[in-house]
Amino acid sequence: HSGKPTVPLERYDRLPDDVAPALTPRDAGLRDGEVVPGDHPLPVAVLAAAARVGTWAVPLVVPLAGGIAVVLLALVTFQLTRSRLAAAASVVALVPTAGFWLSASNTASSDTIGLVALLGAVLVLLRAPPTAGAMLGAGALAAVTVGARYTNALAVAALLVAVAVVRPELRRRAAWVLAPLAAGGLLLAGYHTWVYGAPWRTGYGIGLALAAKTANPDKAGLFSYRLDSLSSHVRLYLLRPETLVVLALGAVGVVTALRGRRAGPKVVTAVLVAGAVVALGYYGGRNTWGVGHFEANASFLRYLLPVLAMVAVLVGVALAGLRGRVRLAAAALLVVAGVLAAGTTLRESGGLEVRRDAIEVNRDLRDAVLAATGPDSLVIVKRSDKVLWPDRSTLVASYLVRSREAQARGLTSMFELTPDGARLADVVGRLCAGGEDVHLLDDADWLDDATAAELDVRLGAEGIERTTTLAAGVELSSFSC
């Protein structure tokens with residue numbers, strides 16, 4: 001094996017041209033009949049390395065990164081304040097939040113790996129002596145931060161500029177910091193050329209191009225921005241009581257940082273501002289998972305993780321600067337916010353308890369569909385491709401849509417856009433004529449009565465009968481080709 005992180009789609013060349021792209025799983029890309037990763041390269045490499053150790057090691061990578069991030073968070077805060085209370089406060093401000101727990105669970109999260117590298121770079125640049133080795137290490141950590149998520153580049157730039165201002169003795173060693181960053185940039189360019197065909201192409205961009213050719217959702221370009229998405233993200237995730245408490249204490253920390261003599265808090269504030277610009281100015285205006293209704297595992301919370309970590313550090317700075325009853329009241333309020341955040345993390349939609357139950361439900365669904373279909377079957381799905389693939393070849397319903405005009409979708413995912421009965425009948429009819437064993441899984445109840453009725457009428461005219469059964473409580477259709 002070449003080690004290239006791609007998976008050939010064996011049926012791609014034999015399916016009709018307007019159907020074959022739907023073999024691509026959601027959140028991945030398609031290039032030359034192969035599935036390419038939509039994620040950033042560093043997490044892909046880290047998880048691949050863990051897989052070489054053993055499949056048991058893969059689910060441990062991100063939780064271990066989460067544990068390291070907690071330690072680094074406390075160390076950064078203690079470095080800035082020399083206060084154990086402040087260090088504990090920063091941990092209480094971040095750890096109970098859904099954004100942290102869901103990013104530090106066994107989900108393959110690039111953001112937690114990036115957070116570890118960012119906190120490590122902050123710590124090294126604030127406390128390490130101006131030696132070549134220390135600066136090389138800081139540059140390597142900065143490169144890892146960017147490799148984990150490219151939009152972290154703005155936070156890294158803010159960190160380097162701020163450190164250069166407050167620690168002028170490091171300027172003479174700037175080349176040692178920039179060298180690993182430049183090397184990392186060259187490696188990323190080579191990786192993108194190898195996997196995606198050009199240094200500037202990304203898996204995410206390739207996925208958006210596939211969406212534009214199929215369901216064609218409105219405002220789905222790489223740089224599209226929706227004010228209604230920003231408003232919804234802010235309302236759902238930043239205006240919650242427990243979040244407002246942390247943000248208010250963080251604001252006190254910013255004021256303390258700007259008015260104080262210590263340089264470290266000012267550096268953290270600069271990183272916070274840069275991260276907030278990216279989170280609100282880019283991700284906040286996109287229809288990511290959880291934009292329309294609260295989800296504890298919302299994508300926006302993952303993108304906010306570096307920002308929330310810097311806020312948590314500044315919460316510690318705030319408590320270190322308060323005295324007497326005011327400090328006691330602030331600490332008590334922070335504990336209450338932490339308890340509320342922990343409750344949200346556990347019980348809200350997308351939280352740990354719900355996700356635990358979902359894992360069991362998905363496992364049962366997977367087993368039932370595999371038992372009801374053959375190894376060569378094609379299964380049309382809405383969202384269960386990640387459950388069934390690669391054990392079964394799946395066709396993502398949204399990728400079967402052919403819309404020349406951009407479709408309005410409001411605050412929903414493009415995967416809510418599914419084909420009508422006529423298009424489904426056309427696809428199923430041609431697949432049957434080609435000798436394919438086709439099934440349709442009504443996961444998330446996407447096959448409404450009108451669509452099903454039109455599908456049956458049109459297939460009946462071609463002599464194809466649809467029969468249904470239940471797979472773990474979900475309707476599974478089969479077609480007598």
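Predicted model: local features only at pLDDT ≥ 70, side-chain atom pairs only at ≥ 80, totals over all residues.
Okay, salt bridges to start. Side chains of opposite charge can pair when their charged atoms come close. In this model there are 24 such bridges. The one I'd like to show you is D18 with R430, at 2.7 Å from N to O. D18 sits in the loop between β1 (7-8) and β2 (28-31), while R430 is in helix α19 (residues 421-433), so this pair ties together parts that are 412 residues apart in sequence.

Now two pairs of sequence neighbours. R366 and D367 meet at 3.3 Å, N to O; R366 is partly exposed at 27%, and D367 is partly exposed at 39%. Then there's R31 with D32, where the closest N and O atoms are 4.0 Å apart. Here D32 is exposed, at 66%, whereas R31 counts as partly exposed at 22%.

Over to the surface. V53, W56, L60 and L64 make a nonpolar patch of about 460 Å². V53 belongs to helix α1 (residues 41-53), and with 57% relative accessibility it counts as exposed, because the cut-off for that is over 50%.

Last stop, the second largest pocket, with a volume of about 330 Å³. Which of its 15 lining residues are closest to the centre? Those are P8, E10, R11, P390 and S393. By class, the lining has eight nonpolar residues, six charged and one polar.

Conventions
Residues numbered from 1 in each chain as written. Heavy atoms only, no water. 1 Å grid on protein atoms, 1.4 Å probe; cavity = no way out; pocket = protein on both sides within 12 Å on 5 of 7 lines; lining within 4 Å. Points joined across faces, edges and corners; volume = space filled by probe spheres on them. Nonpolar A, V, L, I, M, F, W, Y, C, P; charged D, E, K, R; others polar. Patch = residues over 30% accessible without salt bridge, like charges linked within 9 Å, V, L, I, M, F, W, Y side chains within 5 Å. Areas by Shrake-Rupley, 256 points an atom, 1.4 Å probe, with all protein chains shown as cover. Salt bridge = Lys/Arg side-chain N within 4 Å of Asp/Glu carboxyl O. Helix = DSSP H or I, 4+ residues; strand = E, 2+ residues; numbered from the N terminus. Buried < 20%, exposed > 50% of the residue type's maximum accessible area, 1.4 Å probe, protein only.
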